[in-house]
Amino acid sequence: MSTITDPPQGSFRLSMLLNDTRYRGYTFQFIALVLLIGAMGYLMSNLFSNLAAQGLNISYQFLDEPAGYGIAQTMVEYTSQSSHLQAAWVGILNTLLVAFLACVTATILGVTAGVLRLSKNWLVAKLMSAYVEAFRNVPVLIWILVINTIVITMPSPRAYRGETPDTEMLFGLIAYTNRGVYIPAPTFGPGSMVVVLVFLASILGIFMYRRYAIKQLYDHGRDLPTFLPSLALFFIPTLLAYFIMGRPIGVDVPALQGFNFQGGTQIGRPLIALWLALSIYTGAFIAENVRAGIQAVSKGQTEAAASLGLRPNRVMNLVVLPQALRVIIPPLISQFLNITKNSSLAIAVGYEDITATLGGITLNQTGRAIECILLLMLFYLTISLLISAVMNVYNNSVSLKER
Amino acid sequence: MSDTHAHSVAYVRETQLPQQPPPSTAAGPVKWTKDNLFSNIPYTILTLAAIYCIYLILSGFLPWALNGVWNTSNIRECREVLEGATGGCFSVLTERWNQLVFGTGYERSQYWRPTLAFALLFVAAAPVLFQKLPKGMLAFTAIYPFLAFYLIWGGTIYTPILAMVGFVVGYVVYSRLVAGSFAAGFFGGLAAAVVTWWLGGIVVSAITPDETFLAAVPSRDMGGFMLNMILGVVCVSLSLPIGIALALGRQSNMPIIKWICVIFIEFIRGVPLITLLFVANVILAFFFPPGTNFDLILRVIIMITMFSAAYIAEVIRGGLAALPRGQYEAADSLGLDYAQAMRLIILPQALKISIPGIVNVAVGLFKDTTLVSVISMFDLVGMIRGPILASTDWNGVYWELWAFAITLFFVVCYGISQYSQWLERQLATDHR
């Protein structure tokens with residue numbers, strides 16, 4: 001009589017650690033962990049013996065000491081007596097400033113180029129693909145340096161002086177010099193708060209009116225005009241408030257005083273170089289994403305929408321764009337992340353971002369290389385984790401709900 | 001009846017007319033122009049704007065490029081030759097050509113070495129890039145890294161030979177043991193190679209002659225476009241296997257290994273390359289045993305390889321995820337173990353899907369090699385910004401130098417991306 005017996009349970013032998021697939025995973029992980037800890041320990045012991053040999057230690061005391069260097073472009077109050085920590089904060093704000101500006105312009109540029117590249121106009125489509133290929137295939141560092149050189153070869157402020165100046169300001173408002181571009185800045189007098197509030201309220205009003213119009217359309221089939229009322233809401237209340245309050249908001253036009261321009265807002269040369277180069281370079285990548293996104297919407301969708309009797313712009317707004325955006329947005333956000341990371345190239349043109357302050361001057365002055373670079377990496381890591389968190393939330397909200 | 005009918009019709013054509021060409025407005029260039037450029041008012045405006053843009057670009061560029069001066073020895077002579085006319089001083093390129101391309105490390109008589117290494121790169125890469133070439137050429141590809149190292153760095157020939165012998169010994173041991181299990185083969189081969197290198201290192205340092213056939217070139221003096229090429233080629237080749245390992249590790253169901261890979265990949269991808277280069281420049285030396293001194297170029301290669309390995313790992317992970325579940329199950333049901341299933345079934349397909357992504361990473365990495373100029377290495381960009389623009393002879397010749405750099409990078413990167421599109425078409429096995 002033969003019976004099938006189960007394999008013996010529970011009798012664990014040591015050889016099963018290597019030969020049994022149920023347990024082999026644990027062996028491998030244990031080996032990996034031991035190797036990792038060993039390698040870490042080895043590197044750390046090297047680090048500490050090297051530090052000890054040079055009489056160094058790890059300490060963040062230097063952050064409270066005065067930095068002792070000036071920063072040309074600051075968004076918060078900063079003097080050379082401020083601490084290294086404040087210098088780093090100035091750098092963080094500068095990084096975020098140039099990243100934000102470049103994200104906005106790169107998106108505008110990229111969407112325009114991507115849509116025009118799909119245009120049926122042969123010349124424009126070819127011109128746009130030339131733009132995309134030319135800027136995608138050359139390092140961004142070279143573009144930053146090229147635009148920096150363009151700004152350097154602009155006329156110096158001296159060219160604007162004299163009875164018959166060599167150069168004149170653009171429309172009498174904008175001065176472009178080799179030190180940067182000077183643009184008019186608004187000045188806010190007493191009562192300007194009211195004007196700003198009225199303006200914000202009218203923007204809110206436009207949104208509310210548009211929602212009301214859509215509700216009317218869906219509930220009662222009444223098609224209210226939206227364009228002209230929005231235009232009126234945008235301009236009339238703000239202009240009324242502006243004149244009632246006695247024109248409190250003025251414009252400060254830059255003017256030549258002595259050897260340089262005074263007044264207005266100065267956009268320094270490094271900021272221009274970095275901003276424009278990042279926008280144009282990343283714009284080329286975004287153009288490709290936009291093109292791919294629009295092409296990913298199948299032609300049948302457009303035809304189906306047209307056969308329902310939708311007008312071409314409604315087809316675009318209601319059918320094609322919502323589907324294309326699902327494809328476009330994730331790579332767009334990772335391009336924003338790339339802009340933020342590439343803004344660290346600021347150090348090549350002397351723009352004082354976090355890499356140039358904390359990772360550059362502070363590092364060189366204090367010699368605290370490990371601490372500075374650790375903090376620098378931590379900053380970029382935080383930014384990129386935040387952006388990927390935003391992207392995940394978005395992806396989950398737009399992903400197709402499959403049944 | 002028929003008579004009346006014949007009379008009621010004034011004229012009946014008896015022969016068929018030959019086909020006429022369509023009117024000139026409905027065919028040919030006129031119709032094409034009308035359809036593609038001037039079909040309606042907005043298009044017409046766009047076309048005119050585009051023509052104006054092209055005119056602006058060409059009117060600035062053509063006189064400068066065509067009226068260029070190619071054979072003066074400094075900027076003042078060049079301006080004298082131009083006599084105030086518009087034109088580029090391209091003589092900076094002819095005069096500083098060797099510096100721009102090779103850096104300052106080689107004697108004038110030694111430039112054939114990097115040039116030969118560059119030319120052989122194409123021979124070595126050809127069988128990898130084009131599957132139709134005979135497989136025998138792969139043997140040269142295997143020798144090429146050692147040959148190129150010898151040509152570029154020079155010094156004793158025993159170093160590359162020893163390195164090669166180590167690989168051969170490792171491979172022999174691997175192929176003996178791999179029949180048992182992949183892990184035994186891999187680690188056995190690795191151990192054999194390391195032992196060979198260790199033993200050989202003692203022998204080589206004993207028999208190295210003082211005078212060598214090819215003079216040794218210190219890596220500190222390497223520069224120019226050659227440095228970009230070295231960094232790009234070496235780092236991409238090294239990061240491929242590491243990237244595959246990281247991607248497989250991230251897919252693994254062993255939590256510790258998975259989390260090691262995830263943390264490594266996300267950390268590297270979260271920081272800019274420039275911070276990693278700072279690490280290579282100032283921090284990495286702290287982690288080596290006291291008394292050792294690594295070349296800067298080697299430290300930079302380590303960091304850039306880690307950087308690109310993380311990106312390649314993400315691309316390959318996408319390829320692995322895109323593979324249908326059935327492929328994994330089919331491999332399991334054939335009774336293949338993990339290493340066999342990956343080597344024979346999963347990776348060949350996953351890598352094929354990932355080719356466009358890998359090429360994108362490679363192009364991006366090649367462009368990013370210019371960042372080493374920030375840590376004061378003299379690659380093409382560093383060479384232009386540093387020694388050439390700062391010299392009294394060529395201070396002020398910006399556009400010619402930047403145009404040269406842009407052209408070089410554009411040719412290489414555009415070429416690679418065109419190759420990748422061609423390869424995608426070649427490898428497309430689905431029927432669409």
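In what order do the three strands of the open sheet in chain A come? Keep in mind that this is a predicted model, then select β1, β2 and β7 of chain A: they form the sheet in the order β1-β2-β7, with antiparallel pairing.

Now look at the edges. β1 (175-177) and β7 (265-268) of chain A sit there with a single partner strand each, so one side of each has no neighbour in the sheet. On average, neighbouring strands are turned by 15° against each other, direction ignored.

Zoom in on residues 180-183 of chain A, which make up β2. Four bridges join this strand to β7(A), and the two run antiparallel. Show side chains for Val181(A) and you'll find Ile267(A) of β7(A) standing opposite.

Next, pick residues 269-296 of chain A. That's helix α8, lying across β2 and β7 of chain A and running at about 65° to β7(A).

On to a helix pair: select 192-220 (α6) and 227-244 (α7) in chain A. Their axes are 9 Å apart, at an angle of about 165°, and the helices are therefore roughly antiparallel to each other. The crossing is right-handed. Among the residues making the contact are Val198(A), Phe199(A) and Tyr209(A) from α6(A), and Leu233(A), Phe234(A) and Tyr242(A) from α7(A). The contact residues split into twelve nonpolar, four polar and one charged.

Last stop, chain B. Here 40 residues are in contact with 45 residues of chain A. Colour α3 (41-66), α12 (255-270), α13 (273-287), α17 (380-390) and α18 (398-427) of chain B: these elements each give two or more residues to the side touching chain A. That side of chain B has 33 nonpolar, five polar and two charged residues.

Methods. Residues are numbered from 1 along each chain as its sequence is written. Chains are lettered from A and ligands numbered from 1 in the order in which they are written. This is a predicted model: local features need pLDDT of at least 70, side-chain atom pairs count only at pLDDT 80 or more; totals for chains, interfaces and linings use all residues. Two residues are in contact if their C-beta atoms, placed from the backbone, lie within 7 Å. Ala, Val, Leu, Ile, Met, Phe, Trp, Tyr, Cys and Pro count as nonpolar, Asp, Glu, Lys and Arg as charged, and the others, Gly among them, as polar. Two strands pair if DSSP finds at least two bridges between them. Axes are lines fitted to C-alpha atoms, for helices over the stretch in contact, and angles run from 0 to 180 degrees between N-to-C directions. Angles under 35 degrees count as roughly parallel, over 145 as roughly antiparallel, 65 to 115 as roughly perpendicular and the rest as oblique. A crossing is left-handed if the near helix is turned anticlockwise from the far one by less than a right angle, and right-handed if clockwise.
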